[in-house]
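The report that follows describes one predicted model, moving from a single chain to the contacts between chains and then to individual residues. Please read it beside the sequence and the coordinates.

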Amino acid sequence: MSTIITRRTLLAGAAATSALPLIGGASAQEPFGVGFIYVGPVGDHGWSWTHDQGRLALEKEYGAKIKTSFIENVAEGPDATRALRQLAQAGNKLVFATSFGFMNPTIQVAKQFPKIFFEHATGYQRAENVATYNARFYEGRAVIGTIAGHMSKAGQAGYIASFPIPEVVMGINAFHLAARKVNPNFKTKVIWASTWYDPAKEADAAKALIDQGADVITQHTDSPAALQAAEQRGVFAFGQASDMKAFAPKAHLTAIVDDWSGYYIKRVKEAMDGSWKTGDVWGGLKEGMVKIAPYNDAMTPAARAAADEVQKGIIAGTLHPFTGELKDQKGTLRLKAGETASDEMLSKMDWYVDGVQA
Amino acid sequence: MLEWRRRSEPSRAMLYLSPLIAIALTMLTGMLVFTAIGYDGFHAVQAIFVTPLVEPQRWADLGVKAAPLVMIALGLAIGFRANVWNIGAEGQYVMGAIAGTGVALLTHDMTGWWILPAMALAGILGGAAWAAIPAFLKVRLQVSEILTSLMLSYVAVQFLYYLVRGPWKDPGGFNFPQTKMFSADQVLPAMAEGSLVHLGIPVALLLALAAWFVMGKTVSGFAIRVVGRAPAAARHGGFDAGRVTWVALLASGGLAGLAGLFEAAGPFGQLTPQFPVGYGFTAIIVAFLGRLSPIGIVFGGLVLAVTYVGGEIAQSTVRLPQAATGMFQAMLLFFLLATDVLVRWRLAFRRNPAKVAP
Amino acid sequence: MTSVILVSIFMTLAAAATPILLAGLGELVTEKAGVLNLGVEGMMLCGAVTGFAVAYSSGSVTLGVVAAAFAGFLAAMIFALLTLGLGSNQVATGLALTIFGIGISSLFGAGYVGRTIQRLGPLFPADYAAHPWLRLVFGHDALVYLSLLLVAAVSLFLRRSRMGLILRAVGENADSAHAIGYRVLAIRAAATGFGGALAGLGGAYFSLALTPMWADRLTAGRGWIALALVVFAAWKPGRLLLGAYLFGAVATFELQAKAAGISWIAPEVLAMTPYLATIVVLTMMSLGTRTGGRNAPACLGKPFPAP
């Protein structure tokens, strides 16, 4: 038993010494290394771009005290394992893995580097030195669903979705539930694009939904193409991940903005002063991880008031987008009257509420 | 004045020297170009081409990255030698992984040493079966294997998507599109405890030696080379071009399939939609980097692995964008293909000095 | 109301077909001369990013279109220099060109991400297309009309003109063409350059007309579909037009069916259809000699002079 421990300790020591030349004689003044891996290119203007905005906010906040680095366009598989290990060996003390598919690689690499803190976005596996974090995007969906309920004359929204994973499914449900509160006959039509990123296809999907009678478009894919299509056809739409008003000045009612900077700044501070602990953080509107972009002038006063109301309610904790009584499409009771959905229920959601056409 | 002269026979010296010239030209051009557009060109080149080789921590990464490329390229080179242009190794790689995973899912509850060999066999057969389609169409119907094998790659990738999002989706995986993780008896053993180096790496090296022996020292290897170089002579010599086509495609398909299975059972440990990363196409580059010779291919695979691993180092150290790695790979191949001309031609001074301009 | 929808569906369909028609037509001419350039996706991306950058900086979409064609041409010239000038392998060079195109477009386009331009609008004034059915004729942008004109022009050129005959001869039997005194390499270079220019236009259709913006890998693999289409069309421009619009129709109807709540077919099955269809067509061509037999240029992908 004791020999094994000695060997392990020795190995860990060897890893530490071989990492030394890279750090270059670590001293107290040495900037604190923070690494990121992104699944897409920073230039995707979508998911990875928002995380890089968070990284830039870190640099602005801490200046020379930290040194950030990132590796972009990392395939979710062995390449991610390698990239994570590379960031760990290059002397970074805190590493953010910003895509679901980095889960197994992160857990694996974290085992080899027990002194380095890892943060994995949107995953469900944690360890002593691996925390997970995610944003409650569904809260933003509830706000834009409310707006859609008010702004849609046809009572019908088109929803361009990527893949039926829980994250996307809960977004669709939250959007629809909010819209149905405003207009009990509201319909939400979903097109599965089977891709996170194919601008031409996203635009064509938006056009098809508009042809079929939707006059509000929203999307859970990466590009602003659907907004551009909505602008061209003269219907309303919402931005995704960032304020996309520039792409569709008339159509863009508002946007669900991902803002990771607050979380990143907090976690880096904790890692620097030694108070970092593993955990699972789901931040939403209250924490500022999800934000609602400025409203378009075209929004009616009623829509504005209702959207503000929902935002305030969620922030105050008096309103949960998933509150019973709630039945799914098949009529199964999912939530009893007054009951709200637990995080576990949300993170495994694979059913649609009544009125969603998916 | 300089002029091009055709060599009476290909230069052996240039055969080995020209890849080095190409690498040197790539480093030089890359340094100049990236310095000109505002990056630290010198350190970028150092990070991409030198750091991965001098840092022992990176060696395992190189092996892991190079092994599948080498394995696929070995098979492709056999075909290319015989003028059989299998450019659909990506599809055979994927089908090999699918077939092997099929066995893994069937045997998920079982234990035994035989499971992994059975998966490997299924991988070989899966890849070979996929390559048999272009072989049949080529031999029986004279349909170009370039086009059919390429088209079949896309079919295979879509088939993989279908499986992992549908029938093979892990029931315990939060509805994410991926198969179950392979069991302990289904993953490739590491060569040492805790090491990244898996069984696929020595196997790739052994296969290179075997290919070198078969191509250089046996009658079949001779037949393949003759059919490729002088089809008419081959007919007179009694070599059957159709049979060579079958052998070349089945061999390359089988090797690609085995590489796919090793990747699935090794670094991945499951199948996900992110499994195909274009190794089948990259291996074509490796085959040419290695001048279609088995030993050359081992070095070719290593050089390409260096650019991938080094590209990530360059991203995290000198902030070179990932796109630049692609540029380096493209430049490397461009220069390599260009310097190939030196094997068959040489630069010489013009004999007649009277014609030289003053 | 239904007619409005039908017209709108057709307009979407035409827009989906145009980029692959343009790129495919270029590749068709290249392949007819015996050159297999697998770098279509890379050349399209070069065109897409250059077109957007020039249109954004100059404010002129027309200038963007011209620049995109030129960028595609330049990318094709790298390919021509290596394969024709130095006799390198076409398959490997084409793949390298794709990697190159993805890389350089991402590097060069980094500064343009998140920006947008006024899209390439309909060619004719709106009152020409006042009635919905008239939109079918007068409602398209200039590149749609250009692509149709180019199909006719290429078809006539290949079948009726002397130059077209020479180009085909170079693709069918380079040695004979050389023996008669034609400059095989120059003709192949010209065909490759034309192919690059059209691929550039096809790429620009994304960044200027369909989704007026730049983002990495904007064309999302359409270059490979264009390559498949050329084979599907048996190297005939008329059939290429048919194939491109068929592709556009299938893609558009899939989305319409989904929007109407009909789960029609697994998306993966649909995505593999163009490739499977291409293999079937290749096989059929080979089986039926009456329909022209194997139409593939005999020297496709083979270097000249032979090494």
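A residue is called buried if 20 or more other C-beta atoms lie within 10 Å of its own, exposed if 12 or fewer do, and partly exposed in between, with the C-beta atoms placed from the backbone. By this criterion, buried residues make up 58% of the 307 residues in chain C. The model is predicted, so local features need a pLDDT of at least 70 and side-chain atom pairs count only at pLDDT 80 or more, while totals for chains, interfaces and linings use all residues. Residues are numbered from 1 along each chain as its sequence is written, and chains are lettered from A and ligands numbered from 1 in the order in which they are written.

The model scores ipTM 0.90 and pTM 0.89. For chain C, pLDDT (the predictor's confidence in each residue, from 0 to 100) averages 90, and 96% of the residues score at least 70.

**Chain C**

Chain C has twelve helices and zero strands, where helices (H or I, at least four residues) and strands (E, at least two) are DSSP runs numbered from the N terminus. The radius of gyration of chain C, taken over C-alpha atoms, is 19 Å, close to the 19 Å that the globule rule gives for 307 residues, so chain C is as compact as a globular protein of that length; the rule is 2.2 Å times the number of residues to the power 0.38. Along its principal axes, the C-alpha trace of chain C spans about 60 × 50 × 35 Å. Two residues are in contact if their C-beta atoms, placed from the backbone, lie within 7 Å, and among the contacts in chain C with a separation of 6 or more, 78% join residues 24 or more positions apart.

**Contacts between chains**

The table sets out two interfaces, with residues classed as nonpolar (Ala, Val, Leu, Ile, Met, Phe, Trp, Tyr, Cys and Pro), charged (Asp, Glu, Lys and Arg) or polar (the others, Gly among them).

| Side described | Residues in contact | Classes on that side |
|---|---|---|
| Chain B, touching chain C | 34 residues of chain B with 38 residues of chain C | 26 nonpolar, six polar, two charged residues |
| Chain A, touching chain B | 29 residues of chain A with 20 residues of chain B | 14 nonpolar, ten polar, five charged residues |

On the side of chain B that touches chain C, helix 13 of chain B provides the largest share, ten residues. On the side of chain A that touches chain B, helix 3 of chain A gives the most, with seven residues.

**Domains and selected residues**

Chain A is divided into domain 1 (33-135) and domain 2 (137-257 + 290-357), with bounds that come from an automatic or database domain assignment. The C-alpha centres of these two domains of chain A lie 29 Å apart, and seven residues of domain 1 are in contact with nine residues of domain 2.

Asp204(A) lies in helix 7 (residues 199-211) of chain A and is buried, because 29 other C-beta atoms lie within 10 Å. Leaving aside neighbours within four places in sequence, Asp204(A) is in contact with Thr12(C), Ala16(C), Ala251(C), Thr252(C) and Leu255(C). Pro125(C), in the loop between helix 4 (90-109) and helix 5 (132-138) of chain C, counts as exposed, because it has 9 C-beta neighbours inside 10 Å.
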